[in-house]
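Student: Please take a close look at one part of this model, the interface between the two chains, with some background on one partner before that.

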Amino acid sequence: MGKLFSKENQEVFSNPLNLNNPVVVQVLGICSALAVTSQLKPAIVMGLSVTVITAFSNLIISLLRKTIPNRIRIIVQLVVVAALVTIVSMILKAYVYDVSVMLSVYVGLIITNCILMGRLEAFAMQNGPWESFLDGIGNGIGYAIILVVVGFVRELLGAGSILGFKVLPQAVYDAGYMNNGMMTMPAMALILLGCVIWAHRAYNDEKK
Amino acid sequence: MEHFFSLFVRSIFVDNMIFSFFLGMCSYLAVSKTVKTAMGLGIAVTFVLLITVPVDYLLQTQVLDENGAFNQAVLGGQDLTFLAFILFIAVIAGIVQLVEMVVERFSPSLYASLGIFLPLIAVNCAIMGASLFMQQRILMDPATETKAIGCIGDTFAYALGSGIGWLLAIVGLAAIREKMAYTNVPKPLQGLGITFITVGLMAMAFMCLSGLDL
């Protein structure tokens, strides 16, 4: 047991959460990070789906890594990921249909999410199954955190609600406050993510 | 013919791949440092889109759909749409490989200028995204929706429009970034942060076109 949670493995898990975050540091998987964050609920579901898929695709590819011929590895990786995405997409359709309609094509686009291919190529092809699994979960959660932050701000300022519940009291609106419709538009997602990157870098530079 | 044209213009300006759907964002940000390489990647994406979307359309309507001619004849009408993700990505990876070989054989100069971008296109979300949007749009009614895709001709218009829209976006950003090299940006915002904000402002400009009713 001690070996499973050794210091290196803890780092494999915790690095992508902050210092090596896949979205704000490595700039991977931006497409979906921007598109699904106009509300908090799809952002959480998307974050969870990506975490599950990165973890299991990392695990499967890591188990197969010695048998995959080098020349066709990309296609093998894509097929493994596509199969996992198909399963997740069916589960979403069965249990949270409204969210799966909101996510529309972006569930399918997890296949081409660069985080997955990046982790498979850079980590799972060289490391054992358990480390790869942890690395997948760490990167998935690192991605989910950014989604949740952006989704939270956009839904709060754009619709005055969180997870669909109104949080701003009517008195605020009566005093002349208005929801910022711009927040729900694609353009603001980009600008907000720019600001998240700015804050993240400023914070980490200060710590150094 | 009118539908054909409006679909084309719509996919360049209104449903722009980058500014309204964020598709192909990773390579968009990574390869937009100089106008020349941006142009090369833009052309390569347009080219691959023009081949994959019609092929995926034929697969979707003839093979995967239970009413498709091939499906009826060979499989006896089974609903195979759950295989769409795997088939589409396999088609894209295969065609990118094929395009690479053909370009290398017939136009070595173009091959040299596209360089590593060609193989990277296989994992560009713009290609997969266009196929998935095409799959959704088949279900729309062409009489009422300009977005709808009803025949193979429409897929060419859609693919060409999306590709040109992507090309416009990446060349525009590259031109801005070339100029921006001389400006004094706050340190933590340098590089990626300011690029995002620039793209956000470009997207806002493109929002003016979203009222375009074709």
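**Chain A and its interface with chain B**

Chain A has 9 helices and 2 strands (DSSP runs of H or I with at least four residues, and of E with at least two, numbered from the N terminus). This is a predicted model, in which local features need pLDDT of at least 70 and side-chain atom pairs count only at pLDDT 80 or more, while totals for chains, interfaces and linings use all residues. Residues are numbered from 1 along each chain as its sequence is written, chains are lettered from A and ligands numbered from 1 in the order written, and side-chain values use heavy atoms, without hydrogens and water.

Now the interface. Here 37 residues of chain B are in contact with 40 residues of chain A (heavy atoms within 4.5 Å). The buried area is about 3300 Å², with 85% from carbon and sulfur atoms (accessible area, 1.4 Å probe, that two parts lose on being put together, summed over both). On the chain B side, B:Phe22, B:Phe85 and B:Phe196 lose the most area to chain A, together 20% of what that side buries.

Helices H2 (25–30), H5 (84–106), H8 (125–137) and H10 (192–207) of chain B each supply at least two residues of the side that touches chain A. The largest share of that side, 10 residues, comes from H10(B).
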